[in-house]
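I opened this structure for the first time and kept short notes on what I looked up. The entries follow in the order I made them.

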Amino acid sequence: MGFAVRLLGVAVLVLIAGTGCPRGRKISPPPVPGGPAADTVPPTFTGLSSATAVSPYAVELRWTAATDNATPSAQVVYAVYPGNPGLVLAALPAPLLTAPGAVRFLAGGLRGGTTFSFLVRARDAAGNTDGNSVVLTATTPSEPPPNWTAVAGLSGARRLATATLLADGRLLVTGGVSALAGDASTEIYDPATGTWTGTGALITGRYDHTATLLADGRLLAAGGYTGSAALTTCEVYSPAAGSWTATGALGSARTAHVAARLLDGRVLVAGGGATGAELYDPAAGTWTATGAPGTARSASTATRLPDGRVLLAGGSAGSPLASAELYDPAAGTWTATASLASARSSHAAALLPGGRVLVAGGSGASGLLASAEVWDPATGTWGPAGSLATARSRHTATGLPNGRVLVLAGGVPTADPTAEIYDPGAGAWTYGGALATARLEHAAALLPDGSLLAIGGSTGSSSLASVERLDLRGPTARAAAPPGTARSLAAVSPLPDGRVLVAGGQTGSGDVASAELYDPAAGTWTSTGALPSARSEATGTLLPDGRVLAVGGASGGTTLGGTALLYLPGPGSWTAAASPTIARHRHTATLLRSGRTLVAGGISVGGTTAYPVAAELYDATLATWTSGGSLQQGRAGATATLLSDGRVLMAGDDAGAGTFISAEIYDPSTNAWTATGALSTPRRRHSATRLATGLVLVAGGDNGGALSSCELYVPATGIWSTTGALATAREGHGAALLPDGRVFVAGGRDAFGPLSGTEIYDPATGTWAAGPSLPAATSDGTAVPLADGDVLVTGMVTGGTVSPASLLDEGRGFSDAWRPRIASVGGSTSYPATLAAGATNALGGVRLVGATEGGAGTARASACDAPILALAGPLGGISSSGGTGGPLLALPARAFASGTSLDFTPPSSGSLPPGFYLLRATSSGVPSEARVVRMP
């Protein structure tokens, strides 16, 4: 169930996971006669330590773990109470409970530019709750204005088509009306490239059909209209084959019907000009009759509820209907629930956080409706949900990651361009911007990155091919706990347990040997074993066995002797490794598919400054160094990027004779370096990031001054091309590939000194957008993606007067309460979990399937609930002068209908470097916290 908390006069919807226990109250069973005494001692807990706004829609809460006389700290749960700044402790609302042992919580679904208060109390296994009264407030930043932008359009105009998110993250558009008849063509949108490509045509052109993603990754198109007749035929699309095959036919022809995938994987179809309902069995490819609804209807909505039931609401049976019914898959029967206040058809519906259902607009007995209603599963009744500013029909309603609902366009007979956003807590609507082109009978699709597409449709007089995109994210940056030592040019590497190692580097006083660990869960830095001697510009590479290889470095500007060290995370200490033949700093280190580390380039001092061309390979298993071939030319501080095919691209920088325009490729199969296409602009101190598409983005750098230009390398052709330029020229910045495939660059410097500005590159458009400003200007640092989706930015300002560290949040505004959670990988609940390469792996968790499927159950309600699995890494190998990048691989999920388990197959051995990766699941635009997994 859900509850609404009134905050500054605005109610915020929150999910209930339990009941409240304010003022130290306990909920515990009575003692068993003759048994041990019941635990009546509440936990010892100091309360909230921080409340920080991380986006316009979310606040991060942190605290120190409680202790208890009987319950281990790892099993203590926490009750989160939100309220207004004048929170009255004697009248607390019901709380939201965290996972056991949590020390942080993301409270989402909030409003921008508003102050919120929070109280957190600890609860032990016996139900005892502490009575602390620590209340902290946080003010969320203002919300970004809604902004629709044009993106690549469909190859042809169509309306009443379907748009379905596939398990690999692409979007499939099928059918629709073209030239007054059903269209058989289909197209796929790739969010990574922002392009559409044709795929296999339907056997039968159709519109007003339904398209349902099956739990095995295929897509079922059922029924619809050809332009002259309703259809019984159905077909199934295979993403692997890119083609359609016929499957069992419906028992009755249906058009403008509804469909919903059930939690057991079957598909329910009802309405559409036919009585009765039918169930599709994907394994058998057949339909069977199930219980019939009490009322036959068309143009209704069907919403799958969290408990697996399906709510059928409104529609038409010659005239608009107010009745609503519930389908119980276990019994195969329908039961009546309360009727809508207003009869309506061709309306839109969406599931809200907490399990309530919103319906909005539609056609009523007297014309178009602006009213909206919410159905509460706890009472089975409908209540008012405010009113749209514009009455509309044949529109769409899409649940957003921040818990709100976006209602888009519609009309009849004239299309409307506007969007409106429903806030379920406030029960109110706000303006959601306007499309460039008014449309109705379109499709609206939520992409894995949280943005939304408006696809095709009709103006009311002609069909459309245009597509527009809305991005409601509001990325923010906030200060992280500062490290103990301000440093730049350090060796940085994530560790298998999620912490980040920062070792050595330069301060305002010179090079240092100290090392620190950042713990994202606790948000703290702790010291760890120091390097044997002070150094900067060394490399840190996380090896497949969990140790970190630190190579080379300089002290006082002079290259250290040919040293290599190994960091052991367990004891937190360093030990000597076999020494490479060549001493170097400002070099690169790249983990290869073989598990060996390629060290190349740099500066070596042996009496005179030298730029070695010889590269070396470190084998951690044998603890030996061997030749890694010879570069075409020596270069220092270049970037080295592992390509999708296992080769390594080294680009740019200088060797004392000016900035380089050249680039070269290392091929492990031949152990040789060859020249490749030259950069358009000579550069050094730039960043290089491998994109999800396999292309490499080189950004900024220096060529006698900071650069704003950027280039893309295409491995298949070996050619560079220019892409969108940075708004601010910068060099010595950090760069990181975000979970949604965009690239984040932070800090650096220009002619005037260190920078606090950030920018975000969208590969789909080839353009940069301004990111949030860092709390402190930072240069010569790194940007490290963390498991929780944030990016840690470290570095130093000139003179080392401060110790800055910042965190970037994407700004989707979701709450931990409705975030997908990975509980096990391959049966293991301990991490890093080792994947079975090239074989089926099981993944368990909760909310792995999102809530968007069945949002309306019609052609206009796009199914976007598929769990999108992505593997990012390998971890480590972060350079202060380079970026981190791929692979960012989609791992299509199978058997995901229940939302609590699924199967996936990672690449076979040898396809990726062995080592550690981040595995993340995203559903309905909400990403899970990643789990660290190991590829053998």
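**Largest cavity**

I looked up the largest cavity and found 17 lining residues, of which Asp 788, Gly 789, Asp 790, Asp 809 and Phe 814 lie nearest its centre. The space in the largest cavity is about 140 Å³. A cavity here is a set of points, on a 1 Å grid over the protein atoms alone, where a 1.4 Å probe fits but cannot get out, and lining residues have an atom within 4 Å of a point. Grid points are joined across faces, edges and corners, and a volume is the space filled by probe spheres set on the points. By this rule I count eleven cavities of 30 Å³ or more.

**Ground rules**

I note that this is a predicted model, in which local features need pLDDT of at least 70 and side-chain atom pairs count only at pLDDT 80 or more, while totals for chains, interfaces and linings use all residues. Residues are numbered from 1 along each chain as its sequence is written, and side-chain values use heavy atoms, with hydrogens and water left out.

Buried means under 20% relative accessible area, with a 1.4 Å probe and protein chains only. S11 runs antiparallel to strand S12 (residues 171-174), and four bridges join them; two strands pair if DSSP finds at least two bridges between them. Ala 163 stands opposite Val 173 in S12. The hairpin has five residues between the strands, and in it Gly 169 takes a positive phi near 95 degrees.

**His 209**

I found His 209 in the loop between strand S16 (195-199) and strand S17 (210-213). Its relative accessible area is 0%, so His 209 is buried. The side chains of His 209 and Thr 174 are joined by a polar contact of 3.2 Å.  A polar contact is a pair of N or O atoms within 3.5 Å; within protein, one must be able to donate a hydrogen and the other to accept it, and residues adjacent in sequence count only if both atoms are side-chain atoms.

**A four-stranded sheet**

I traced an open sheet in the order S55-S56-S59-S60, with antiparallel pairing. Strand S55 (588-591) and strand S60 (624-630) each have a single partner strand, so one side of each is left without a neighbour in the sheet. Within the sheet, S56 (residues 597-600) and S59 (residues 614-619) pair over three bridges, and Leu 598 has Leu 617 in S59 as its bridge partner.

Technical notes: Helix = DSSP H or I, 4+ residues; strand = E, 2+ residues; numbered from the N terminus. Buried < 20%, exposed > 50% of the residue type's maximum accessible area, 1.4 Å probe, protein only. 1 Å grid on protein atoms, 1.4 Å probe; cavity = no way out; pocket = protein on both sides within 12 Å on 5 of 7 lines; lining within 4 Å.
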